[in-house]
Amino acid sequence: MVPCQTHVLLKWQEHFNSSWAAEDSVQTARRHDAAVLYNKLLYNKEVVTLAQPIQELVGPRLPDFECESSASAEKEEYLSSLLHSQRWLAHRMLTQTSYTLGLHHRLVVLQRIYYALHSKYHDKFRVQLPSQSTDSGAECGQIEPASEPCLPGGASKIKSGTDVLIEMGVRTGLSLLFSLLQQNWRYAASVHPESVLCNDVLATASSVLTSLPPLSLANENKIPSVGLDCLAQVADFLKKTSVSSGSGGADPTGRRLALELLLGLAMQRGSLKFLLEWVEVALAASMSSSTSTLSSSPSLSSQQSAGVGFDVIHQTLFQMRQYSGFRGDAVNTQVLKKDADGLCRLSQAALCLFEEICNLASYCLCSCSTDAAAPGTESDTVMVYVWGSNSSHQLAEGTLEKILLPKLTQGFSDAQMV
């Protein structure tokens, strides 16, 4: 017996949506055209015919011998099974008529065209569909939904379970690391002063940060939200470590390494905000160290005085001049001085860094008018130079993500004051 053509499995293929969206649904009103479109679905294997089970065609089983007397319940069951089999056979024969097949073809083709149009014009209201439908589609003209609708109006994407697990793992990992570092500092201060493992961790992080290219963390648009949260947590931990000088805090070496790591992060992020935050933290750490030294013993002033590596500050100032295009000798009232251990005082380092920022700002302002006009002449030409991060096109310099050296820009040619 020929399988029933109305018992099918629908498997829409996404790459055929464009061709079906261009089809005219009016063609389905004619039986021949509807059959042609249906054959197209069969050829593309978007409609798979299924053989109907034959269990329903098997009539009720007759008894092997005639009983002398049969119960009325058995007779009712036998008649019900016989009627059910007859109804199923009639239904199956009716589904093979020309009218039923034509109607089935029209409905399936219209459903395919509707799905293609919905996918074409309503993609923004649902999540991106997979390349192919799953094989576990529903039978008899029904298919499983390929995607769940998302919030209209361009709402923010809901985090997936994987993203939440990654964020939870990173956050708990950082919390565990910070707790272990603080516990190790307390253990070393009370029991074994020589077993300070956390200082090695900070030193390793500083060396890794130094090996990165300049302004590696300047483009925050390319850093995922988990990464930005990690940077914020690390910065907060380093600030607290640098300032706290009590019995439960870090030792002088740990505070120095925390300050150097915080300065390295500020330089890699390439923002004035983070440099000024470091200056503020350094001054607070210097005041905290001076207070604790006076309250404990004046004889420990040389050992407890807060400091930072001379080479680190000197290299930072050199990089700031190099990347800003500064030419000539630096004119600073603050002069870095290092002690026998190669350290310089925090207050002096903070003032030198702040003064260098002010000098670079003054230099960049003055450089705009040095070549504008010759001495004794007047000119309205204004030249503006830009540099730094351009991740959000805030410098109006095309697709460049970061500009290390000052660049003459035409976007601010009519500027009156900068």
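**Entry 1: overall**

What share of contacts in the protein chain between residues at least 6 apart in sequence join residues at least 24 apart? I looked it up: 67% of them do. Contact here means heavy atoms within 4.5 Å.

I note that this is a predicted model, where local features need pLDDT of at least 70, side-chain atom pairs count only at pLDDT 80 or more, and totals for chains, interfaces and linings use all residues. Residues are numbered from 1 along each chain as its sequence is written, and side-chain values use heavy atoms, with hydrogens and water left out.

I listed the secondary structure next. The protein chain has twelve helices and six strands. These are DSSP runs, numbered from the N terminus: helices are H or I with at least four residues, strands are E with at least two.

Then I checked burial. Of the 418 residues in the protein chain, 31% count as buried. Buried means under 20% relative accessible area, exposed means over 50%, and partly exposed lies in between (1.4 Å probe, protein chains only). I also took the accessible surface of the protein chain, which comes to about 26300 Å². Carbon and sulfur atoms hold 59% of that surface. The areas come from the Shrake-Rupley method with a 1.4 Å probe; for residues, only the protein chains shown count as cover.

**Entry 2: salt bridges**

Side chains of opposite charge can pair when their charged atoms come close. How many salt bridges does the rule give? I get eight. The rule asks for a side-chain nitrogen of Lys or Arg within 4 Å of a carboxyl oxygen of Asp or Glu.

I opened the pair of glutamate 23 and lysine 40. Their closest N and O atoms are 3.2 Å apart. The pair links distant parts of the chain, 17 residues apart. Glutamate 23 sits in the loop between helix H1 (17–21) and helix H2 (31–43), and lysine 40 in helix H2. Glutamate 23 is partly exposed at 23% relative accessible area. Lysine 40 is partly exposed too, at 25%.

I moved on to aspartate 229 and arginine 171, which form a salt bridge at 3.2 Å, N to O. Aspartate 229 is in helix H7 (residues 225–243) and arginine 171 in helix H5 (residues 161–190), so this pair ties together parts 58 residues apart in sequence. Aspartate 229 is partly exposed, with 28% relative accessible area. Arginine 171 is partly exposed, with 36%. I also found a network of salt bridges that links Glu167, Arg171 and Asp229.

The pair of glutamate 260 and arginine 256 lies within one helix. Their side chains meet in a salt bridge at 3.2 Å, N to O. They are four residues apart in helix H8 (residues 252–269), so about one helical turn separates them. Glutamate 260 counts as buried, at 12% relative accessibility.

**Entry 3: aromatic rings**

How many aromatic pairs are there? I count two. Rings of Phe, Tyr and Trp (its six-membered ring) pair if their centres lie within 6.5 Å; planes under 30 degrees apart count as stacked, over 60 as edge-to-face and the rest as tilted.

Phenylalanine 178 and phenylalanine 237 are stacked, at 4.3 Å centre to centre with 10° between the planes. Phenylalanine 178 is in helix H5 and phenylalanine 237 in helix H7, 59 residues apart.

Tryptophan 185 lies in helix H5 and phenylalanine 237 in helix H7, so the pair ties together parts 52 residues apart in sequence. I read 4% relative accessible area for tryptophan 185 and 7% for phenylalanine 237. Phe178, Trp185 and Phe237 form one aromatic cluster.

**Entry 4: cysteines**

I searched for disulfides, meaning pairs of cysteine sulfur atoms within 2.5 Å. The structure holds zero. For cysteine 344, the nearest cysteine sulfur is that of cysteine 352, 7.5 Å away. Cysteine 344 is buried at 2% relative accessibility, whereas cysteine 358 is partly exposed at 35%.

**Entry 5: valine 281**

Last, I looked at valine 281, in helix H9 (residues 272–296). Valine 281 is buried, with 9% relative accessible area. Leaving out residues up to four places away in sequence, valine 281 touches Lys239, Ser242, Val243, Leu259 and Leu262.
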